Amino acid sequence: MRIRTGMLAAATAATLALAGCSSGSDSAEPAGSTSSTAGGESMAQECQPVPGDTFMVLDDDKMLQNSDNLIPAVNADAASDEVLGALDAVSAVLTTDDLIQLNKAVDIDRQTSAEAAAAYVADNGIAAPATGSGSIVVGAGNFSESITMAELYAAVLSDAGFDTEVRAIGNRETYLPALQSGEIQVVPEYAATVTEYLNRDQNGAEAAAVASGDIDATVAALEPLATAAGLVFGEASAAQDQNAFAVTTAFSDEYGVTSLSELAETCGTISLGGPPECPERPFCQIGLEEQYGIEVAQFESLDPGGPLTKTAIQQGQVMVGLVFSSDGALG
């Protein structure tokens, strides 16, 4: 579940203290050394942040995060085989690395979403398996990734013979009702988040969660909720935009860490940067501690995947920071 909404003000980078990791021992061992028990058994190292310009997203190998894979949502009345076939042709190709590059093209290189989408379709030879006709309005959320995905869907639908229009609608509370009413026919969605949105809408705010880190199980839980809402979902892509934890590439290289499990095994404690609510969130600090056994010795209140967090990671002010897995800065 992504911590994207409600961006909160954070302390400025100038107030950050250099965040090292200690093993909790009173002995003065050098950074990067390996502690030992009396019996000679190796323990985790005293890892230190390693500054660097580029990021490594650590593999969430125990699926702490829910499966927020990009998935096309379609009004049931508009969900013809031709429409779904065109949208599924996008899902069959799109990866998280592709999504990072699309976001980089728009957010950093300043291409328009339409330009980035058209180039991606051409470069990957994406074509719908069948042609159709009629008008399709593709809605989008009020952020660039959603708009780029809407342009990507529209480009393939247009090539398949549909008259398409992309319309930025707003947040989920605005665009889902528009999709259900038929004002728009298609919108890019995030599998786990939309599953829980529909789950709470239909079963109450306190409904037990049905989404998980398993995309197949999440989609299976989504299907009956979608039917009740008058929606049809296409195939989920491999591309994910969800909470992720990043270190510098230099840190990954120095300590041989590429996953959260390896981080837990390698480092006695960590310093963590993220949004102010992170210490109380199961998908943030609590999850790292309970799911992976990672001990957070120091937390820096920064921003949700924003420039403060990324700068703190790069400058070595924190060892690990919460980012979004499809952030263009990771490319």
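**A helix and its surroundings**

In helix H1 of this predicted model, the buried residues are Val-83, Leu-84, Gly-85, Ala-86, Leu-87, Ala-89, Val-90 and Ser-91. Because eight of the eleven residues of H1 (residues 81–91) are buried, this helix is largely enclosed by the rest of the structure. The elements against which its buried residues pack are strands S4 (70–75), S5 (135–141), S7 (186–190) and S8 (231–233), together with helix H4 (144–159).

Strands S5 and S6 (residues 163–170) run parallel and are joined by seven bridges. In one of the pairings, Gly-141 has Gly-170 of S6 as its bridge partner.

The largest nonpolar core comprises 35 residues, and those with the most contacts inside it include Val-74, Val-83, Val-138 and Leu-157. Two or more residues are given to this core by each of S4, H1, H2 (96–108), H3 (113–124), S5, H4 and S7. H4 supplies the largest share, seven residues. Among the residues that Leu-157 touches are Val-83, Ala-86 and Leu-87, as well as Ile-136 and Val-138. A second, separate core has 23 residues, including Val-257, Ile-270, Cys-278 and Cys-284.

Elsewhere, the loop between helix H11 (307–314) and strand S12 (320–324) contains Gln-317. Since its relative accessible area is 12%, and buried means under 20%, Gln-317 counts as buried. The side chain of Gln-317 makes a polar contact of 3.0 Å with the side chain of Gln-315.

Methods: Residues are numbered from 1 along each chain as its sequence is written. This is a predicted model: local features need pLDDT of at least 70, side-chain atom pairs count only at pLDDT 80 or more; totals for chains, interfaces and linings use all residues. Side-chain values use heavy atoms; hydrogens and water are left out. Buried means under 20% relative accessible area, exposed over 50%, partly exposed in between (1.4 Å probe, protein chains only). Helices (H or I, at least four residues) and strands (E, at least two) are DSSP runs, numbered from the N terminus. Contact means heavy atoms within 4.5 Å. A polar contact is a pair of N or O atoms within 3.5 Å; within protein, one must be able to donate a hydrogen and the other to accept it, and residues adjacent in sequence count only if both atoms are side-chain atoms. Two strands pair if DSSP finds at least two bridges between them. A nonpolar core is a set of buried Ala, Val, Leu, Ile, Met, Phe, Trp, Tyr and Cys residues joined through side-chain atoms within 4.5 Å. Lists of a residue's contacts leave out its neighbours within four places in sequence.
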